[in-house]
Amino acid sequence: MVTKLASSTVSNSASLRKVLAAINATPPAGIAFVLDAQNKLCGVVTDGDFRRWLLEGCNLDDSLKDISLNQFVHATAGESLEEIISRTNDKIRIIPIVNDQFELVDYIQIDKRMHLPVAVPDLNQGNELKYLTDAFLSSLISSQGAYINRFEEEFAAYCGVREGVATANGTVAIHLALTALGVGKGDEVIVPDLTFAATINAVLHAGATPVIVDVNLDDWCISVEEIKKAITPKTKAVIAVHLYGQPCEIDAIKALCESHRLFLIEDAAEAHGAAYKGQKVGSFGDIATFSFFANKVITTGEGGMCITDSTELAERMRILRDHGMNKQKRYWHEEVGFNYRMTNMQAAIGCAQLERIEPIITYRNELEEAYKEQFEATNLFTFQKKLPDREKTVWLVSALYEQEDKTAFMKLMRSNGIDVRPFFYPLSAMPIYTPYSFSNINSHLLSAKGLSFPTHWSVEVGKVAKALRQFTES
Ligand SMILES: *Cc1c(COP(=O)(O)O)cnc(C)c1O
């Protein structure tokens, strides 16, 4: 028997006091292995069993001899890890491994690392650590340093625009964009009902009035027709969100904004690299905003950027980002600004991520294809559509669950350690935003059905598909 296990084993005639000591010994915590006189494994006792015994009136001087032990799950040395793990569940997290003589040789403990989250940043295959270390060692760990300029220039160029203004995150990027465009009190800003709340929060923090409009059923993005209906003399801007990496009908929206003299902001937080008619999203609006949060397509930890073709707007955003301070005259403030700066360390990571953005996007798109292939036969899901003229980037592999109620499905996936996320709630469903709702039928339909699946470098679609089979067979 492996020596590290000795303290967790007891004989089948031990006192409950000894059993408790074994349960208390680590590793593994919370379990004791019971051996018979021939040293064969004959039981497994967990702290849960122990609690039940105490409640039934046992005391610490009682002997294990007088207690009938439950059946236990075990594995045999030589079995594959996958087979063993398949026997674990929410309750069974530790499985003893025995040899041919049924002697305890080891155990397997399932921990959170077996969990498949929705997103895991991909940081270890490029220059991320190298550039980060470089930025760190340069002492330029705040918002000065070469990586900031480089990241701004390179990301803007990647999107096909002139200027990039890096920010602390994607939410303040939207606020900065609105402020730089002069959008504020008394102005209406049209936003989609289906988006992350940052989109509308930024409008409210700018002091403007959001007007929430419905989305399309086919692309899940803001509806041009609904924008048209919602325009009033007070409308100042539209924020078009490229949801889950799907480009919205951006040329029609742009034309509409131009004809009504409205500003167009693209919230491209989820759509790095996506394109409409071959042109990258982010290059259509007066300003576009991105997020580099850890679960986004590329990341800087926290981080964001405003991009624009207007040098004038970029300059204004740079000043507002830095407390509204005059660039030539230090400590002289001409506007009430913010500290929305990105650090050189974040930008260093961003530069390295950007070097790999093409393979990262390709991988994500291929992952979605693998999901589609594995899920197709069930007819349970409608994946996010690929539409003509649009090259979407898969942010999170997302699909509509075409049955009554998605909760049973989500529950089963989660019990298999697979994090399946529901869509965003429609903004109009939340009391703090309901007063701003203009139209919202499709967003509610989509939100009720929508799910996102783990989308990152360590996903094995086979594992997800296996859990799915378990669900369809039950
Ligand atoms: C993530 C996200 C944001 C906010 O970005 P943060 O960097 O988290 O502040 C804004 N809009 C949308 C659509 C997002 O998905």
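Which residues come nearest to the ligand? Among the 14 residues around it, the nearest are Gly 170, Thr 171, Glu 270, Ser 291 and Lys 296. Here a residue is near a molecule if one of its heavy atoms lies within 4 Å of it.

Before the views, a word on the model. This is a predicted model, in which local features need pLDDT of at least 70 and side-chain atom pairs count only at pLDDT 80 or more, while totals for chains, interfaces and linings use all residues. Residues are numbered from 1 along each chain as its sequence is written, and side-chain values use heavy atoms, with hydrogens and water left out.

View 1. Polar contacts are pairs of N or O atoms within 3.5 Å. A polar backbone atom of Gly 170 sits 2.7 Å from an oxygen atom of the ligand. Side chains take part too: a polar atom of Thr 171 is 2.5 Å from a ligand oxygen, and one of Lys 296 is 3.1 Å from a ligand oxygen. On its own the ligand has 380 Å² of accessible area, and the protein covers 93% of that (Shrake-Rupley method, 1.4 Å probe).

**View 2. The shell around the ligand.** Helix H6 (170-180) and helix H7 (198-205) each give at least two residues to this shell. Helices are DSSP runs of H or I with at least four residues, and strands are runs of E with at least two, numbered from the N terminus. Sorted by class, the shell holds four nonpolar, seven polar and three charged residues; Asp, Glu, Lys and Arg count as charged, Ala, Val, Leu, Ile, Met, Phe, Trp, Tyr, Cys and Pro as nonpolar, and the others, Gly among them, as polar.

**View 3. Helix H4, residues 128-137.** Glu 128, Tyr 131 and Ala 135 are buried (under 20% relative accessible area, with exposed meaning over 50%; 1.4 Å probe, protein chains only). Seen down the axis of H4, these buried residues fall within an arc of 80 degrees, so they line one face of the helix; the arc is that of the directions from the helix axis to the C-beta atoms. Leu 129, Lys 130, Phe 136 and Leu 137, on the other side, are exposed. The buried residues pack against helix H5 (146-159) and helix H11 (344-355), with contact meaning heavy atoms within 4.5 Å.

**View 4. Helix H10, residues 311-321.** The buried residues of H10 are Leu 313, Ala 314, Met 317, Arg 318, Leu 320 and Arg 321. They line one face of the helix, because they fall within an arc of 165 degrees seen down its axis. Their cover includes H5, H6 and strand E14 (287-291).

Technical notes: Polar contact = N/O pair within 3.5 Å; in protein donor to acceptor, adjacent residues only side chain to side chain.
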